[in-house]
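Please keep the sequence and the structure in view while reading.

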Amino acid sequence: MNPRMPRSAALLLFAAISAVPCFAHHMAVVVSKENGVTAMSSVQLGKIFRAETKKWPDGKSIRLVLHRASTGEALTLQRLNKMSAQQWQKWMAEHKGSLKLVDSDDEVLSYVESTPGAVGLVEVHSVNDHVNIIRVDGKFPMEEGYLPH
């Protein structure tokens, strides 16, 4: 703590910094244990989450599972895909029929675990040992540069 800064000001500053979400650091890209992909670039991931890449290297179809309403996921995918909130909403509406939409991280994990071609985003604290986490640009979740933010 800066000795010239009053303790109350330091606590207020810490609280303000702590309250600012850093969603990309707290999100993890997950796939089925059966999926052989363990790492990809953010460019490849963007193509997957824009539904431009439709098959995994083993030929299985990619199935996107997204939250119906997740601010962290939406912001992460907007940044990954270089889209505004309006562009992302429009993309979601245009692709609604090809997406699996769920309400919770548990539902994402359950779907990914039971669907070999599925890929989704969950908060890091939700990850379990029934799915694999994808390294992005050589990084794991919580490492600087894991996902664009």
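Helix H5 supplies four residues, the largest share, to the lining of the largest pocket; helices (DSSP H or I, at least four residues) and strands (DSSP E, at least two) are numbered from the N terminus. This is a predicted model, in which local features need pLDDT of at least 70 and side-chain atom pairs count only at pLDDT 80 or more, whereas totals for chains, interfaces and linings use all residues. Residues are numbered from 1 along each chain as its sequence is written, and side-chain values use heavy atoms, with hydrogens and water left out.

**Largest pocket**

- The largest pocket holds about 200 Å³ of space, where a pocket is an open set of points on a 1 Å grid over the protein atoms alone, fitting a 1.4 Å probe and having protein on both sides within 12 Å along at least five of seven lines, and a volume is the space filled by probe spheres set on the points.
- Its lining has 13 residues, of which His-67, Arg-68, Ala-69, Gln-89 and Met-92 are the closest to the centre; a lining residue has an atom within 4 Å of a point.
- Two or more lining residues come from each of strand S3 (63-67), helix H4 (71-80) and helix H5 (85-95).
- By class, this lining divides into seven nonpolar, three polar and three charged residues, with Ala, Val, Leu, Ile, Met, Phe, Trp, Tyr, Cys and Pro counted as nonpolar, Asp, Glu, Lys and Arg as charged, and the others, Gly among them, as polar.

**Second largest pocket**

- The second largest pocket has a volume of about 160 Å³, and the residues that line it include Val-37, Met-40, Lys-47, Trp-56 and Ile-62.
- H3 gives this lining its largest share, three residues, and the lining as a whole has seven nonpolar, two polar and two charged residues.

- In H3, the residues Leu-45, Gly-46, Ile-48 and Phe-49 are buried, that is, under 20% relative accessible area with a 1.4 Å probe and protein chains only, whereas exposed means over 50% and partly exposed lies in between.
- These buried residues of H3 fall within an arc of 160 degrees seen down the helix axis, so they line one face of the helix; the arc is that of the directions from the axis to the C-beta atoms.
- After H3 comes Ala-51, whose phi is positive, near 65 degrees.
- In H5, Trp-88, Trp-91 and Met-92 are buried, and they fall within an arc of 100 degrees seen down the axis, so they too line one face.
- The face of H5 turned away from this buried side carries exposed Gln-86, Lys-90, Ala-93 and Glu-94, while the cover over the buried residues includes H3, S3, H4 and strand S4 (100-102).

**Nonpolar cores**

- The largest nonpolar core has 28 residues, of which Val-29, Phe-49, Leu-64, Leu-66, Trp-91 and Val-119 touch the most other members; such a core is a set of buried Ala, Val, Leu, Ile, Met, Phe, Trp, Tyr and Cys residues joined through side-chain atoms within 4.5 Å.
- Beyond its neighbours within four places in sequence, Phe-49 is in contact (heavy atoms within 4.5 Å) with residues including Leu-64, Leu-77, Trp-88, Trp-91 and Val-119.
- Another core, of ten residues, lies apart from the largest one and has Val-30, Val-108, Tyr-111 and Val-112 among its members.

**Overall fold**

- The chain has six helices and seven strands, and 39% of its 149 residues count as buried.
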